[in-house]
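Hi,

Here is the structure I promised to pass on. Have a look first, and my notes on what turned up are below.

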Amino acid sequence: MSKRSFQQHLDPQAGPKRILSLDGGGLRGVLSLAFLKRIETLLGEQAGAAADFRLSDYYDLIGGTSTGSFIAAGLALGMRVDEIRGHYFELGEQVFKPEWFNRGLLRARYDSQRVDAALRKVFGERTLGSPDFRTGLVVLAKRLDSGSTWVMSNNPKSQYFHATNRPHTIPNRDYLLSAVLRASSAAPTYFQPEKIAVTRADTANGAAAVSGEFIDGGVSTVNNPALQLVLAATVGGYGFNWRMGEDQLALTSVGTGRSSREHGIATGLDSVVALHAVKALRSVLDDCEDLVEVMLQWMSDSPSARCIDRELGDLAGSYPGAGPCLRYQRYNVLFDDEWCRQALGQEFGRELLEQLALMDKPGNMARLEEIGQAAAARLVRPEHFLAA
């Protein structure tokens, strides 16, 4: 296999292009790592270079939200999945240590300084402009003070990478990678927001420096960032300018587990207005993730497409144009008894699945990894991927 350089990965003329998208989901990212290990093994075998193969050799753009951004950054720097797994388990044990007086109401449940220290231990003082990236990287976060979703990349052609025509704007290339990842994973109630300086003071015009307040990108439409990554890769404003088409663009999307959407009728304590509002908000976020899958299945040729509902089905052949806009694979686990029986041939029981669906329990990681490995063995197939 002939490896592409960083410049070739981003070059729109060097195709076809391949995107890897990684969902947010807290420590359930262990499931993503299990799928990624299977993908890394299959692609390494296809390339005839299993011992030296990295996912950064195959994918031209790797992007993620929250926990997915941490994994994406490691992969874009050329780490193997097992190396990231080691960092991931260590980070989970270090960071998710609740104190009895922290309940996420008056102060965050977990110490954000531990997250920052853990990220700096792995990524050091690298910035988005560091020269050792092996492929494209995109990190998604929500800037709360301006109400906007930020697409932060290491693409030198993106508008804000150099910011040469905006003398007081701090260019994206100077953003610390650890700060960007902390911003993407600053889930409300779990961690404090991350502040990143975005403009310097303009003393001539009396304008003060500005810092943006960032929270987890999952508190937006991009907890599943796959559709946003397709937009970033193909819409001119982001600087990639890649072409669409079934033979031009391939997308692999990896989830962190999907909780059951069946909440039932609100009765008793669940009908209290505040609790009912929380349930409704979660439902809206679930709807955003569902819409991402609907749009991508509608646009693509996807052998792994799932049945959305009885009306939509899996949208096979329902392209918005004359043919598919891209190839698309989606891998995920559903924390549902029936799905586990049919897809994995295993039964776990509803109570255990509800526990495994929690995002902040280090004790779940080993079991989640086992489930992810079983799902990956059944769902990820060699024919799903373009020839390396």
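This is a predicted model: local features need pLDDT of at least 70, side-chain atom pairs count only at pLDDT 80 or more; totals for chains, interfaces and linings use all residues.

**A hairpin and a loop serine**

Strand 3 (residues 136-143) and strand 4 (residues 148-153) pair in the antiparallel sense, with 6 bridges. Val139 has Met152 in strand 4 as its bridge partner. The hairpin leaves 4 residues between the strands, and Gly147 takes a positive phi near 70 degrees there.

Then there is Ser66, in the loop between strand 2 (61-65) and helix 4 (67-76). Why does Ser66 count as buried? Because its relative accessibility is 6%, and the cut-off for buried is under 20%. Leaving aside neighbours within four places in sequence, Ser66 is in contact with Gly24, Ser184, Ser185 and Asp216.

**Salt bridges**

There are 23 salt bridges in the structure. One of them joins Lys3 and Asp57, with the closest N and O atoms 3.9 Å apart. Lys3 sits in the segment before helix 1 (6-10) and Asp57 in helix 3 (residues 55-58), so this pair ties together parts 54 residues apart in sequence. Lys3 is partly exposed, at 45% relative accessible area, whereas Asp57 counts as buried at 5%.

Asp57 also meets Arg134 in a salt bridge, at 3.1 Å from N to O. That pair links distant parts of the chain too: Asp57 in helix 3 and Arg134 in the loop between helix 6 (112-123) and strand 3, 77 residues apart. Arg134 is partly exposed, with a relative accessible area of 30%.

Asp290 and Arg258 form another salt bridge, their closest N and O atoms being 2.6 Å apart. Here Asp290 in helix 10 (residues 273-299) is linked to Arg258 in strand 8 (residues 258-259), 32 residues away. Both Asp290 and Arg258 are buried. They also belong to a network of salt bridges that links Asp23, Arg258, Asp290, Glu293, Arg306 and Arg330.

Cheers

Definitions and conventions
Residues are numbered from 1 along each chain as its sequence is written. Side-chain values use heavy atoms; hydrogens and water are left out. Two strands pair if DSSP finds at least two bridges between them. Helices (H or I, at least four residues) and strands (E, at least two) are DSSP runs, numbered from the N terminus. Buried means under 20% relative accessible area, exposed over 50%, partly exposed in between (1.4 Å probe, protein chains only). Contact means heavy atoms within 4.5 Å. A salt bridge is a side-chain nitrogen of Lys or Arg within 4 Å of a carboxyl oxygen of Asp or Glu.
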